[in-house]
Amino acid sequence: MIDQLFEFVQNHLLLSGAFLVVLVAWIAYELKNSNSGVSPSEATSLINREEGLFLDIREVKDFKAGHIAGARNIPKGRLGDRLKELEDYKEKPVVVVCQHGQHSGAAVGQLTQAGFTRAAKLKGGMTQWQSDELPVVRK
């Protein structure tokens with residue numbers, strides 16, 4: 001079987017090279033993003049211990065359907081206009097929450113550029129929070 005693999009690679013150098021480039025790029029991307037963010041348990045500790053803030057960037061209807069207790073809702077499209085509301089948290093932990101953890105990275109970047117020194121995203125977002133069976137408030 002190994003002989004067949006080497007034969008395939010020798011006969012299809014361009015295809016094999018393209019596969020290796022894509023594989024290396026994918027691994028590098030995953031390694032870069034694997035350390036970003038905090039788990040739900042780490043986030044809870046940070047917020048409770050250091051009087052931080054959960055910042056929920058989902059739309060209002062999603063926020064009302066279920067959110068973390070004490071979270072502040074500023075939809076991601078309005079975050080730039082409403083940064084002044086968060087001035088008290090520039091030196092405190094701010095954990096950004098979205099639905100799946102995919103959009104919060106951009107919001108963390110925006111907060112960091114605005115001078116928030118301890119902004120982080122919640123790994124897995126509200127989906128992970130709920131799958132860990134952590135409490136959710138509905139309004």
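Trainee: Quick one, which residue in S3 is the bridge partner of Leu55?

Mentor: Leu55 has Val96 as its bridge partner in S3. Bear in mind that we're looking at a predicted model: local features need pLDDT of at least 70, side-chain atom pairs count only at pLDDT 80 or more, and totals for chains, interfaces and linings use all residues. Residues are numbered from 1 along each chain as its sequence is written, and side-chain values use heavy atoms, with hydrogens and water left out.

Trainee: OK. How many bridges join S1 to S3?

Mentor: There are 4, between S1 (residues 53-56) and S3 (residues 94-97), and these strands run parallel. Strands are DSSP runs of E with at least two residues, helices are runs of H or I with at least four, and both are numbered from the N terminus.

Trainee: And what's the strand order in the sheet?

Mentor: S2-S1-S3-S4, an open sheet of 4 strands with parallel pairing. S2 (72-73) and S4 (119-121) each have a single partner strand, so one side of each has no neighbour in the sheet. Two strands count as paired if DSSP finds at least two bridges between them. S1 and S2 have 2 bridges, in the parallel sense, and Asp56 stands opposite Asn73 in S2.

Trainee: Which way do the S1 residues point?

Mentor: Leu53 and Leu55 point one way, Phe54 and Asp56 the other, and all are buried. Buried means under 20% relative accessible area, exposed is over 50%, and partly exposed is in between (1.4 Å probe, protein chains only).

Trainee: Which strands does H3 lie across?

Mentor: H3 (residues 40-50) lies across S1 and S3, at about 125° to S1. H5 (residues 104-113) lies across S1, S3 and S4, at about 175° to S4. Axes are lines fitted to C-alpha atoms, for helices over the stretch in contact (heavy atoms within 4.5 Å). The angles run from 0 to 180 degrees between N-to-C directions.

Trainee: Switching to Pro93: buried or exposed?

Mentor: Pro93 is buried, at 2% relative accessible area. You'll find Pro93 in the loop between S2 and S3. Leaving out residues up to four places away in sequence, Pro93 touches Leu46, Ile47, Glu50, Gly52, Leu53 and Arg118.

Trainee: How far is Pro93 from Thr117 in space?

Mentor: 8.0 Å, C-alpha to C-alpha, though they're 24 residues apart in sequence.
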